[in-house]
Amino acid sequence: MEKVIACCGLNCATCDARIATLQNNDDLRRATAEKWQKMYNAPGITAESVNCTGCRMDGVKFSHCSVCEIRNCVQKKGYQTCGECPEMEGCEIVAMVHKHVPEAIGNLKNLN
Ligand code: SF4
Ligand code: SF4
């Protein structure tokens, strides 16, 4: 599958919100909302809110991603991704993502 690398290094191409948006697939929106409600203990996530073109793409963002601290930091510093940041190794903001999804670090390195 293609890679659409987010500021943090996650691959938005594999994200159900992006897939549902590109396919305009309401069944996948509903299933994703249900899954994320449980996963993130966030009952407020509705199928209608599951719309996102990807972290660094033009277009609609899922609510969390539009206020994401990592994305905001990258934009404020004028980078494309955390991979351009000399502070990445010791950065506590992006550390949580990289701890849970180490592959994200490799995705960033491959962009440079
Ligand atoms: S930015 Fe959008 S596509 Fe990327 S992980 Fe977040 S919700 Fe998914
Ligand atoms: S300080 Fe952290 S979150 Fe901000 S751009 Fe650098 S690595 Fe990314």
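Biologist: Which element gives the most to the shell around ligand 2, and with how many residues?

Modeller: Keep in mind that this is a predicted model. Around ligand 2 sit Ile70, Cys73, Val74, Lys77, Tyr79, Cys82, Cys85, Glu87, Met88, Cys91, Ile93 and Val94. Helix 4 and helix 5 are the elements that give two or more residues to this shell. The top giver is helix 4, with 4 residues.

Biologist: How many charged residues does the shell around ligand 2 have?

Modeller: Let's go by class: 10 of the residues in this shell are nonpolar and none is polar. Lys and Glu count as charged, and the shell includes Lys77 and Glu87. That makes the charged count 2.

Biologist: Which residues of helix 5 make the contact with helix 4?

Modeller: Helix 4 passes helix 5 in a left-handed crossing. From helix 4 come Glu69, Ile70 and Cys73. The helix 5 side is Ile93, Val94 and Val97.

Biologist: And ligand 1, how many residues of its shell are nonpolar?

Modeller: Among the residues around ligand 1 are Cys12, Cys15, Cys52, Cys55 and Cys65, along with Gly54 and Arg18. The shell has 1 polar and 1 charged residue, and its nonpolar count is 9.

Methods
Residues are numbered from 1 along each chain as its sequence is written. Chains are lettered from A and ligands numbered from 1 in the order in which they are written. This is a predicted model: local features need pLDDT of at least 70, side-chain atom pairs count only at pLDDT 80 or more; totals for chains, interfaces and linings use all residues. A crossing is left-handed if the near helix is turned anticlockwise from the far one by less than a right angle, and right-handed if clockwise. Two residues are in contact if their C-beta atoms, placed from the backbone, lie within 7 Å. A residue is near a molecule or strand if its C-beta atom, placed from the backbone, lies within 6 Å of it.
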